[in-house]
There are 2 protein chains.
Amino acid sequence: MLGAARELVTERGLAALTMRTLASRLDVAPNALYSHVANKTALIDYLLDDVLADVEVPAADIDDPVAGLHQLMASTYTVLLTHPDLVPHYLSCQGAHGPNAHRLGDITTALLRRADVSEPAASEALRVLIVYTIGFAAFTSRLPPGTGTEHQPSAAEMLDNFNHGLGWLLTGIQQGRPAPGQAPA
Amino acid sequence: MLGAARELVTERGLAALTMRTLASRLDVAPNALYSHVANKTALIDYLLDDVLADVEVPAADIDDPVAGLHQLMASTYTVLLTHPDLVPHYLSCQGAHGPNAHRLGDITTALLRRADVSEPAASEALRVLIVYTIGFAAFTSRLPPGTGTEHQPSAAEMLDNFNHGLGWLLTGIQQGRPAPGQAPA
DNA sequence: AATTCGTATTGGACACCGTACAGTAGTGGT
DNA sequence: ACCACTACTGTACGGTGTCCAATACGAATT
């Protein structure tokens with residue numbers, strides 16, 4: 001069922017994922033789905049976590065942990081872009097709480113630790129990296145119809161942009177101290 | 001009409017913003033709205049930009065442009081949290097294209113320029129800052145019912161987290177060069 | 001002042017959505 | 001053979017965004 005739902009979203013977009021269309025694809029009455037899933041939101045939650053299974057994690061004993069973080073986030077970014085419609089949901093649900101999300105969180109934390117980011121900062125850095133990656137993916141996910149007047153970046157340019165920003169972020173995290181000017185509003 | 005829509009969202013949440021409820025608040029038939037707005041999505045787009053009008057911009061001649069950037073983003077963050085339901089929409093629409101969004105973009109670019117961030121990097125930095133700020137706001141926007149088992153951060157903690165991450169980002173941007181390990185997937 | 005005209009509004013309807021309720025097929029364990 | 005349980009079905013309710021044709025109304029023109 002999750003498989004069929006994922007197919008549907010991939011082929012026809014999130015808007016096409018309706019209890020009725022999903023049911024008809026499974027040759028089943030719409031209500032039958034509620035024997036397997038509490039409601040549509042729960043279904044989407046499962047989907048969200050399911051997608052993260054495709055993220056490639058760096059080797060556990062990678063030499064440069066910062067490079068590992070970069071790889072991990074970059075892979076997450078590209079995987080998220082596989083299902084653009086889903087991405088906005090990640091942020092409003094605070095990034096999916098299923099087993100896959102948990103696993104990626106643990107790996108990231110371990111890499112941060114190996115990069116000498118000590119604890120109070122580490123969990124903040126984790127959240128910052130998640131937000132940045134998912135946020136950028138969400139931001140990228142809708143750009144097909146080039147507006148014309150302004151410069152509309154291509155997917156490749158966005159990936160470059162993502163990598164640069166990620167580099168800045170990792171630099172700052174390693175540096176450990178915020179920039180000279182910090183003035184909360 | 002935009003005003004009524006904003007009230008509705010503020011008082012009863014985005015879910016309560018329906019053509020029918022909005023119409024009834026204006027003592028008008030639902031279809032009447034379509035004389036002023038193409039469809040509901042367009043309505044939300046207008047709302048999105050409207051909210052940004054409340055962002056406080058730093059004085060144009062501020063001494064430390066990096067501090068100005070920090071202020072500007074922090075204000076944007078808090079303003080966005082005023083209407084948490086709307087935030088996820090920003091990312092899927094790539095951050096609202098109305099006049100207010102444009103204005104904020106220009107101000108940010110000017111501050112970056114004054115912070116000696118030259119052009120190819122400047123527009124990337126702009127996008128990174130937008131993504132980070134909106135992303136963090138979206139991430140923060142749903143956290144009322146403390147889960148209990150894990151540490152559920154408060155709004156104040158999230159603001160701290162936001163500020164730290166923003167500091168890291170600005171540090172990295174000023175540094176200009178990405179961290180040693182950059183390996184696109 | 002009378003008439004025209006365009007825009008705001010209305011009533012009614014369509015197609016679709018998520019989901020609840022009650023009842024039925026089929027399957028495993030005793 | 002019976003029973004409990006799960007997956008499923010038919011039907012239906014209330015809600016949604018939005019379209020169509022017809023109307024009210026206020027400003028501009030004659």
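A residue is called buried when its relative accessible area is under 20%, exposed when this area is over 50%, and partly exposed in between. In the predicted model described here, A:Glu7 has a relative accessibility of 42% and therefore counts as partly exposed. The side chain of A:Glu7 meets that of A:Arg25 in a salt bridge, with 3.2 Å from N to O. Because A:Glu7 lies in helix H1 of chain A and A:Arg25 in helix H2 of chain A, the pair ties together parts that are 18 residues apart in sequence.

A:Arg25, which is itself partly exposed at a relative accessible area of 31%, also forms a salt bridge with A:Glu11, the closest N and O atoms being 3.1 Å apart. Here too one partner, A:Glu11, lies in helix H1 of chain A and the other, A:Arg25, in helix H2 of chain A, so the pair ties together parts that are 14 residues apart in sequence. A:Glu11 is exposed, because its relative accessible area is 53%. In general, side chains of opposite charge can pair when their charged atoms come close. Over all chains, a search of the whole structure finds eight salt bridges.

Helix H1 of chain A, which spans residues 2-12, also has buried residues, namely A:Ala4, A:Ala5, A:Arg6, A:Leu8 and A:Val9, and these pack against H2 and H3 of chain A. The helix is followed by A:Gly13, whose phi is positive, near 90°.

The domain assignment divides chain A into domain 1 (2-37) and domain 2 (50-144 + 152-175), and five residues from domain 1 of chain A and seven residues from domain 2 of chain A take part in the contact. The centres of domain 1 and domain 2 of chain A, taken over C-alpha atoms, are separated by 29 Å. Between these two domains of chain A an area of about 590 Å² is buried, and carbon and sulfur atoms give 54% of this area. Of the area that domain 1 of chain A buries against domain 2 of chain A, 77% is supplied by A:Arg6, A:Val9 and A:Leu14, more than by any other three residues. Two salt bridges are found across the interface of domain 1 and domain 2 of chain A. A:Arg6 forms a salt bridge with A:Asp54, with the closest N and O atoms 2.8 Å apart, and a network of salt bridges links A:Arg6, A:Asp50 and A:Asp54.

In chain B, the side chains of B:Asp54 and B:Arg6 meet in a salt bridge of 2.8 Å, N to O. B:Asp54 lies in the loop between helix H3 (40-51) and helix H4 (65-82) of chain B, and B:Arg6 lies in helix H1 (residues 2-12) of chain B, so the pair ties together parts that are 48 residues apart in sequence. B:Asp54 counts as partly exposed at 42% relative accessibility, whereas B:Arg6 is buried, with a relative accessible area of 19%.

Two further buried residues of chain B were examined. B:Thr133, found in helix H7 of chain B, is buried with a relative accessible area of 1%, and, residues up to four places away in sequence not being counted, B:Thr133 touches B:Met73, B:Thr76, B:Tyr77 and B:Phe162. B:Ala115 has its place in the loop between helix H6 (99-114) and helix H7 (119-140) of chain B and is buried, with a relative accessible area of 16%. B:Ala115 and B:Val66 are 49 residues apart in sequence, yet their C-alpha atoms are 6.4 Å apart in space.

Note on methods. Residues are numbered from 1 along each chain as its sequence is written. Chains are lettered from A and ligands numbered from 1 in the order in which they are written. This is a predicted model: local features need pLDDT of at least 70, side-chain atom pairs count only at pLDDT 80 or more; totals for chains, interfaces and linings use all residues. Side-chain values use heavy atoms; hydrogens and water are left out. Domain bounds come from an automatic or database domain assignment. Contact means heavy atoms within 4.5 Å. Buried area is the accessible area (1.4 Å probe) that two parts lose on being put together, summed over both. A salt bridge is a side-chain nitrogen of Lys or Arg within 4 Å of a carboxyl oxygen of Asp or Glu. Buried means under 20% relative accessible area, exposed over 50%, partly exposed in between (1.4 Å probe, protein chains only). Helices (H or I, at least four residues) and strands (E, at least two) are DSSP runs, numbered from the N terminus.
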